[in-house]
Amino acid sequence: MSDDLGEKLLALSCPVPVSDTPNILLGHGGGGRLSQMLVEKMFAASFDNAALSEMHDGAVLPVPAGRLAFSTDSFVVRPYFFPGGDIGSLAVHGTVNDLAMCGARPLALSSALILEEGLPMEDLWRITRSMAEAAKAAGVSIVTGDTKVVDRGKGDGIFVNVSGVGLVPDGIEISPRRARPGDVILVSGAIAQHGIAIMALREGLEFGTTVETDSAPLHGMVASLLDALGGDVHVLRDPTRGGVASVLNEIAKAAGTGVSITETAFPIAEEVRGACEILGLDPLYVANEGKLLAFVARDRADQALALLRAHRYGAEAAIVGEVTDEHPGRVVLKSRVGGRRVVDLLTGDQLPRIC
Amino acid sequence: MKFVDEYRSEADVRKVADSIRALVTRPWTLMEICGGQTHTLIKYGLDRMLPDLVTLVHGPGCPVCVTPLELIDRAVAIARRPEVTFASFGDMLRVPGSELDLLSVKARGGDVRMLYSPLDAVRLAQKLPERQVVFFAVGFETTAPAIAGALLEAERLDLPNFSVLVSHVLVPPAMEALLSSPACLVKGFLAAGHVCTVMGTHEYDPIAERYRIPIVVTGFEPLDLMVGIRMTLAALEEGRHGVEIQYSRCVTPGGNLPAQKLLSEVFETCDRPWRGIGVIPKSGYALTPRFLRFDAAKRFDVETVTAEEPAVCIAGSILQGLAKPRDCAAFGRECRPEKPLGAPMVSSEGACAAYYSYGRE
Ligand code: SF4
């Protein structure tokens, strides 16, 4: 899609005649005329690319020799519009980031939508547009898709699954098992933003300023890191659900090493910290959608930090800890006041406390 | 948003830790009353900064922990009714009853919601006139004024579909119960600052006199706790007893009089069972006759629901400072946060959960 045409298309109002069907009907998933109109007028027009326009059951992609990364992620976030983003862009970023965390350059995405009967057509249009924009900004095409409609009351408006494939360059070997004692751990920016943005909206909480999601595609930042550091990048992870604490625990267990972090080293926005205080939540466990953790060889740490900070999504990057051979499998935190404690996995979601 | 960073300064906390080390000549056992204090102590690793001579035991001040099993069963029974929208603070939702917890009721189709304020429950009742909205009124003197406010509002609106399941507990009677036990090891108390913000400190004077024990009203930040510990130890080393206030930025001896008035309008004291401890006389709040029509236990006829604690759980001893979580045979084995046998393993402020999550290296 040429930029020009893209802009025009995005500026247009919903291409499905809203006067006829202002809401999603069961028939929009039935494979008949309504389905076809939705696919052609909304999805094909928005995601426009050669593979998709074949209108085949799947996409046929040319792939150079090498290693393929493959990832899938489903999004069920409620409400589906929130400050700074929506379920569509979130789904695209989520899968792009999962591929990036494998060290892969994203190649192509699929989009599978489960719509609830009655979903306003305008909302679907906004979400579709947002997916198209997010994919375009990330330089990746949505090449195949699927739409189903479920009865009213059987879904939260819309569920989005995005799967994707990407290519892993030679010499890159990113895996939780590659964390080794001496590695330095970096975070690409302020934590806990997405989780608090959603919670504040869902629970009608106000904290003075609106907290926006940090949802962002991170493959560009990863590429600059890998181009410069290559095999000295050992582990990459985006700390989404379960937050930084859960991801670090998984890595410590997978690698059989200890992880030690410093509480005060983590960047965190004032209003996010305030919200966590009020709700009794530990920001280390709150979800992020546009941040990454990188484990790199010690002698490349400063360079990695500079590279992250040079990127638009990494301006607040910081060194937050290191891998050690003490306390294998465990994450230990040096607290704000100099004490030490274990940071364990949570049992379920964090629940706000009483007093 | 203003932060209390000055109460989290590493240098200041270290300084106090050093002065505590210089001060202590004999072994002392102190109890922090409140689960929030336990949480801070362990979360910031303060317990490990204290000299070996000082033992901290964890008190009965976690409202989630001390809520009796039968009350959770009553909550579950109410929440399972099809006409009920059951609302609670977040951390009560995962506490297991004899068979189910509230989150499982929700998973099975019950309308269970997490709210941040009892007033939100009143608003919910206004919004859902065809539903019965029930709020689980758990907590110490700290949360009770908000519940009282909600009840007054419900009365003003004459809401027929709002009620509360009351489980409020009071701190001073629990302290007395602990101190009057011959097994009591506690030599000094860190009293809960939040509670005293509401109630003041007058209630503590007779306790300090009768049991000749120092009671220091302490805040919840790391520096608050360290200074509170030092004040308590200094009194013990010098053989003094009485009530002192570390948390003077929030606490006055008289407390918050409007809040107290609200409480006396809505609640009267009653004997109440504490989980693992048993009935403590005059240790709980019940609704005054004027507000009885908002009593969910009566409205839904669950007053006869009873339950038995699992035999292996020593929650009672832990909540009285007689045992530490690791003394329990089930700790970390049959009893883990994902499969808790007793309440102290459930709440994030429960002593067993805190030891389990933060304690092992
Ligand atoms: S470890 Fe579990 S069973 Fe043992 S006292 Fe604690 S809560 Fe009860």
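How many helices and strands are there in chain A? I counted 10 helices and 13 strands in chain A. Helices (H or I, at least four residues) and strands (E, at least two) are DSSP runs, numbered from the N terminus.

I note that this is a predicted model, in which local features need pLDDT of at least 70, side-chain atom pairs count only at pLDDT 80 or more, and totals for chains, interfaces and linings use all residues. Residues are numbered from 1 along each chain as its sequence is written, chains are lettered from A and ligands numbered from 1 in the order in which they are written, and side-chain values use heavy atoms, with hydrogens and water left out.

**Entry 1: chain A overall**

Next I checked burial. Buried means under 20% relative accessible area, exposed over 50%, and partly exposed in between (1.4 Å probe, protein chains only). In chain A, 56% of the 355 residues count as buried.

Then I turned to contacts, meaning heavy atoms within 4.5 Å. Of the chain A contacts with a separation of 6 or more, 86% join residues 24 or more positions apart.

For charges, Lys and Arg count as positive and Asp and Glu as negative; His and the chain ends are not counted. I placed each charge at NZ of Lys, CZ of Arg, CG of Asp or CD of Glu. Chain A has 31 positive and 44 negative charges, and their mean positions are 4 Å apart.

**Entry 2: chain B overall**

Chain B comes to 15 helices and 11 strands. Its radius of gyration is 20 Å, close to the 21 Å of the globule rule for 361 residues, so chain B is as compact as a globular protein of that length. The C-alpha trace of chain B spans about 65 × 45 × 45 Å along its principal axes.

I found 60% of the 361 residues of chain B buried. Residues 24 or more positions apart make up 78% of the chain B contacts with a separation of 6 or more. Chain B carries 39 positive and 43 negative side chains, with the centres of the two sets 3 Å apart.

**Entry 3: the cores**

Which residues have the most contacts inside the largest nonpolar core? A nonpolar core is a set of buried Ala, Val, Leu, Ile, Met, Phe, Trp, Tyr and Cys residues joined through side-chain atoms within 4.5 Å. The largest has 94 residues, and Phe86(B), Phe162(B), Phe189(B) and Phe267(B) have the most contacts inside it. Helix H7 (residues 144-156) of chain B gives the most to this core, with seven residues. Apart from it lies another core, of 62 residues, among them Met42(A), Ile87(A), Leu115(A) and Val160(A). In soluble globular proteins, nonpolar side chains tend to be buried together.

I followed Phe162(B) further. Leaving out residues up to four places away in sequence, Phe162(B) touches several residues, including Ala121(B), Leu151(B), Phe294(B) and Arg299(B).

Helix H15 (residues 351-358) of chain B has seven of its eight residues buried, so it is largely enclosed by the rest of the structure. Among the buried ones are Ala351(B), Cys352(B) and Tyr358(B). They pack against strand E13 (340-343) of chain A, and against helix H2 (35-43), E2 and helix H14 (315-319) of chain B.

Is Cys62(B) buried or exposed? At 3% relative accessibility, Cys62(B) counts as buried. Cys62(B) sits in the loop between strand E2 (54-61) and helix H3 (63-66) of chain B. Its C-alpha atom is 8.7 Å from that of Ala351(B), 289 residues apart along the chain. Not counting residues up to four places away in sequence, Cys62(B) touches Gly35(B), Phe140(B), Ser347(B), Glu349(B) and Gly350(B).

**Entry 4: backbone checks**

Most residues other than glycine have a negative phi, and most peptide bonds are trans. I looked for exceptions.

The peptide bond from Arg78(A) to Pro79(A) is cis, with omega near -5 degrees. Pro79(A) lies in the loop between strand E1 (67-75) and strand E2 (81-82) of chain A.

Asp158(B) has a positive phi, near 50 degrees. Asp158(B) belongs to the loop between H7 and strand E6 (162-168) of chain B.

Lys282(B) has a phi near 55 degrees, also positive. I found Lys282(B) in strand E11 (residues 278-287) of chain B. With 49% relative accessibility, Lys282(B) counts as partly exposed.

Terms used:
The radius of gyration is taken over C-alpha atoms; the globule rule is 2.2 Å times the number of residues to the power 0.38.
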